[in-house]
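Welcome to this guided tour! Please open your viewer and get ready to select a few residues at a time.

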Amino acid sequence: MTDSLLSVRDLKKHYPITEGPLRKEVGRVRAVDGVSFEVERGETVGLVGESGCGKSTVATTLMGLEEPTAGRVSFDGVAADRRDSVDRREFRRRVGMVFQDPTSSFDPRMTIGESVAEPLSIHGLDDRARRREIVADLLERVGLSAEDAERYPHQFSGGQKQRAALARALVLNPDLLVADEPVSALDVSVQAGILSLLDDLQREFDLGILLISHDMSVVREICDRVAVMYLGEIVETGPTEEVLADPQHPYTRALVSSVPAPDPSQRASEARLSGDVPSPSDPPSGCRFHTRCPEIIQPEGYDFDQANWRAVMDLRVALGDSEDGDFEGELVDGEVRAGGIRDRFGIPDELGDEGAEAVLSEALDSLASGDSESARDLLGREFETVCERDSPELRETESGHPAACHLHDERAE
Ligand code: ADP
Ligand code: MG
């Protein structure tokens, strides 16, 4: 086996939450929680997930801008050792980076040419004429002109600035480019131009690219492979075409269905994601997606309509998040009764399964009378699903690429 250009193994980045004058650790923000992937030479890999899933933290830790909590990053077969300054310098030379916001990545007092040339001076190219030449050449390659070197950032549009940012990231002739949301700040009309430029540069320089985006349609445009990230973990990975055509994780399905299909009649209607990514300081148990998953597995012995089951789980999630007292404060104040709770969570008057209905009614009665603890316990005991109990492993599915979802464990058994 040949060494990958970039190999990331079990990368973790936890931010301690501290309290008091002694800064005692009282918890951790698990921004990245055991992520592994590779980028091969000349390959474009997409890292996709909603905002808050940990994508940027993957980028900053793998770049060595932040110290990882655990895990290993190797570049070209060599473990990246951030403590060694020679090593660090070499890594910086061979890995270029582009950020989302092109404005803050340029010093407004420097010309674009000076900014693009800066890494060359830092890395010891003292010949001014040669630097000029390299910068002029690169500016043209990214679709600007040699004369643009004399202009200042404020004279550039967002798209032009992002082109200049690409020129700067490529000026040391790196092998890998890490691009964190490189088109998210740009108008849709400008995005396509930058993406096709990335694609061209990738071919021309035989670059490996790690493209980070919250937008599946951006990934679809230029990535050979994709890794889908949810709450600090990779939940599915595979060749982009395959993952888009046949997504194996409900989270991926939701991301894919939010991409407008070229043909409106083929547009997936369901699987909209509701709510936000939960806080990584207290990630949900079991499968981290279970608090939002539209395909959450039902408890044994009951037969729910899937939408009703999701609604009951939403109630359980809300109960679990509530501090003692605040749930009934919100709901039982004055007029709110069991029926009001059903309405609020979209639970119908009859669940359609007698046994399940009996359990729910009892729990709602407890809730309505202010005893949220009994309600929580009863629902937790009777309606526990594998999704909240066990953390699914990322493993091969019938589709040929891996996903981490209990739906596949069931099929495999
Ligand atoms: P993404 O790029 O996918 O939007 P980020 O990597 O920026 O996600 O953030 C992941 C999670 O880590 C978020 O919940 C964010 O609030 C948290 N986070 C990021 N940086 C820090 C930090 N320095 N301290 C504490 N939490 C952080
Ligand atoms: Mg980000």
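Is Glu 43 buried or exposed? Select Glu 43 and show the surface: its relative accessibility is 11%, and buried means under 20%, so Glu 43 counts as buried. Keep in mind throughout that this is a predicted model.

**Stop 1: a partner for Glu 43**

Glu 43 and Arg 225 form a salt bridge, and their closest N and O atoms are 2.6 Å apart. This pair links distant parts of the chain: Glu 43 sits in the loop between S2 and strand S3 (44–48), Arg 225 belongs to strand S9 (residues 225–230), and 182 residues separate them. Arg 225 is partly exposed, with a relative accessible area of 22%.

**Stop 2**

Next, select Arg 288 and Asp 33. Their salt bridge has its closest N and O atoms 2.5 Å apart. Arg 288 lies in the loop between H9 and helix H10 (306–321), while Asp 33 is in strand S2, so the pair ties together parts that are 255 residues apart in sequence. Both ends are hidden: Arg 288 is buried at 11% relative accessibility, and Asp 33 is buried with a relative accessible area of 10%.

How many salt bridges are there by this rule? The count comes to 24. One more to look at joins Glu 384 and Arg 389, at 3.0 Å from N to O. Here Glu 384 is partly exposed at 34% relative accessibility, and Arg 389 is partly exposed too, at 45%.

**Stop 3: an open sheet**

Switch to a cartoon view and find the open sheet of four strands, in the order S2-S1-S4-S5, with antiparallel pairing. Its edge strands are S2 (24–39) and S5 (78–79), each of which pairs on one side only. Zoom in on strand S1 (residues 6–19) and strand S4 (residues 70–75), which run antiparallel and are joined by five bridges. Which residue is the bridge partner of Arg 9 in S4? Look for Arg 72.

**Stop 4: a covered strand**

Select strand S7 (residues 176–180), where five of its five residues are buried. Leu 176, Val 178 and Asp 180 lie on one side, Leu 177 and Ala 179 on the other, and both faces are covered. S7 pairs in the parallel sense with strand S6 (residues 95–98) over four bridges, and Gly 96 stands opposite Leu 177. S7 also pairs in the parallel sense with strand S8 (residues 208–213), over five bridges; there, Asp 180 stands opposite Ile 212.

**Stop 5: a covered helix**

Move on to helix H9 (residues 250–257), which is mostly covered, with seven of its eight residues buried. Among them are Pro 250, Tyr 251 and Leu 255.

**Stop 6: out to the surface**

Finish with Glu 114, Glu 140, Glu 147 and Glu 150, which gather in a patch of negative charge on the surface. Look at Glu 147 in the loop between helix H4 (128–141) and helix H5 (158–170). Glu 147 is exposed, with a relative accessible area of 58%.

Key
Residues are numbered from 1 along each chain as its sequence is written. Chains are lettered from A and ligands numbered from 1 in the order in which they are written. This is a predicted model: local features need pLDDT of at least 70, side-chain atom pairs count only at pLDDT 80 or more; totals for chains, interfaces and linings use all residues. Side-chain values use heavy atoms; hydrogens and water are left out. Patches are made of residues with over 30% relative accessible area and no salt bridge: like charges are joined within 9 Å, nonpolar side chains (Val, Leu, Ile, Met, Phe, Trp, Tyr) within 5 Å. Accessible areas come from the Shrake-Rupley method with a 1.4 Å probe; for residues, only the protein chains shown count as cover. A salt bridge is a side-chain nitrogen of Lys or Arg within 4 Å of a carboxyl oxygen of Asp or Glu. Lys and Arg count as positive and Asp and Glu as negative; His and the chain ends are not counted. The place of a charge is taken as NZ of Lys, CZ of Arg, CG of Asp or CD of Glu. Helices (H or I, at least four residues) and strands (E, at least two) are DSSP runs, numbered from the N terminus. Buried means under 20% relative accessible area, exposed over 50%, partly exposed in between (1.4 Å probe, protein chains only). Two strands pair if DSSP finds at least two bridges between them.
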